[in-house]
Amino acid sequence: MQLTSNFSLAEMVRSQTALRKGIPNNPTASEIAALRLLCENVLQPVREHYGVPVNISSGYRGPRLNRSIGGSTTSQHCQGEAADFTVAGKSNFEVCRWMERRLNYDQLIYEFGEPGWVHCSFSANRMRNMELSATRNSGRVQYLPGLKR
Ligand SMILES: [Zn+2]
């Protein structure tokens, strides 16, 4: 199933961990609708601006998969509202700065620099346009306000 012209449902639910451990990762109809909104409002505009592949490292996470990877129980990945991605040949920081200027979203997180990834969520009910930067400090994840290199 294609969600937008460049994004398929398959790539939004694909998970190395789920494959390796045989964990099913099947979104409900409403979670698929949320994934479609995320693609339409965030991922497809990024793809069209840069004109190069957007590689999704994590999209939807069902409850079992999320537990298995130690994800937060309130993660928007579990609602189909968030994706982690990189853009081929572009720095994550540059992508975040462009998104900050041009797109609406709930949360945009510059996660763990370069290499690292961009986390972005989109929710029909919540549009905080909030930017954060995630760093590791002695093994603990810290979230700082704003986009910081
Ligand atoms: Zn994420």
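Glu11 counts as partly exposed, because 17 C-beta neighbours fall inside 10 Å, and a residue needs 20 or more to be buried. Keep in mind here, and throughout, that this is a predicted model. Glu11 is found in helix H1.

## The overall fold

Let's step back to the whole chain. The protein has five helices and eight strands, and along the sequence they follow the pattern β-β-α-α-α-β-α-β-α-β-β-β-β. The radius of gyration is 14 Å, close to the 15 Å that the globule rule gives for 149 residues, so the protein is as compact as a globular protein of that length.

Taken along the principal axes, the C-alpha atoms fill a box of roughly 40 × 35 × 30 Å. Of the 149 residues, 32% count as buried. Contacts also reach across the sequence: among those between residues at least 6 apart, 59% join residues at least 24 apart.

## The six-stranded sheet

Six strands form an open sheet, and their order is S3-S4-S6-S5-S7-S8, with mixed pairing. S3 and S8 are the edge strands, each pairing on one side only. From one strand to the next, the twist averages 30 degrees. As a reminder, strands of a sheet pair through backbone hydrogen bonds, either parallel or antiparallel.

Within the sheet, S4 and S6 pair in the antiparallel sense over four bridges.

Two helices deserve a look here. H3 lies across S3, S4 and S6, and runs at about 5 degrees to S4. H5 packs on the sheet too, where it touches S4, S5, S6 and S7. The direction of H5 makes about 165 degrees with that of S5.

In soluble globular proteins, nonpolar side chains tend to be buried together. The largest nonpolar core of this model has 29 residues, and those with the most contacts inside it are Met12, Leu38, Leu43, Ala83 and Cys120. Helices H1 (9–13), H3 (29–50) and H5 (92–102) each give two or more residues to this core, as do strands S3 (54–58), S4 (82–87), S5 (107–111) and S6 (117–121). H3 gives the most, with seven residues.

Leaving aside residues up to four places away in sequence, Leu43 touches Phe7, Leu38, Val54, Ala83 and Phe85.

Strands S7 (residues 130–137) and S8 run antiparallel and are joined by six bridges. One example is Leu132, whose bridge partner in S8 is Pro145. Two residues lie between the strands of this hairpin, in which Ser138 takes a positive phi near 50 degrees.

How many of the six residues of strand S8 are buried? The number is zero, so S8 (residues 140–145) lies largely in the open. S8 is also one of the two edge strands, pairing on one side only.

Notes: Residues are numbered from 1 along each chain as its sequence is written. This is a predicted model: local features need pLDDT of at least 70, side-chain atom pairs count only at pLDDT 80 or more; totals for chains, interfaces and linings use all residues. A nonpolar core is a set of buried Ala, Val, Leu, Ile, Met, Phe, Trp, Tyr and Cys residues joined through C-beta atoms within 7 Å. A residue is buried if 20 or more other C-beta atoms lie within 10 Å of its own, exposed if 12 or fewer, and partly exposed in between; C-beta atoms are placed from the backbone. Two residues are in contact if their C-beta atoms, placed from the backbone, lie within 7 Å. Two strands pair if DSSP finds at least two bridges between them. Axes are lines fitted to C-alpha atoms, for helices over the stretch in contact, and angles run from 0 to 180 degrees between N-to-C directions. The radius of gyration is taken over C-alpha atoms; the globule rule is 2.2 Å times the number of residues to the power 0.38.
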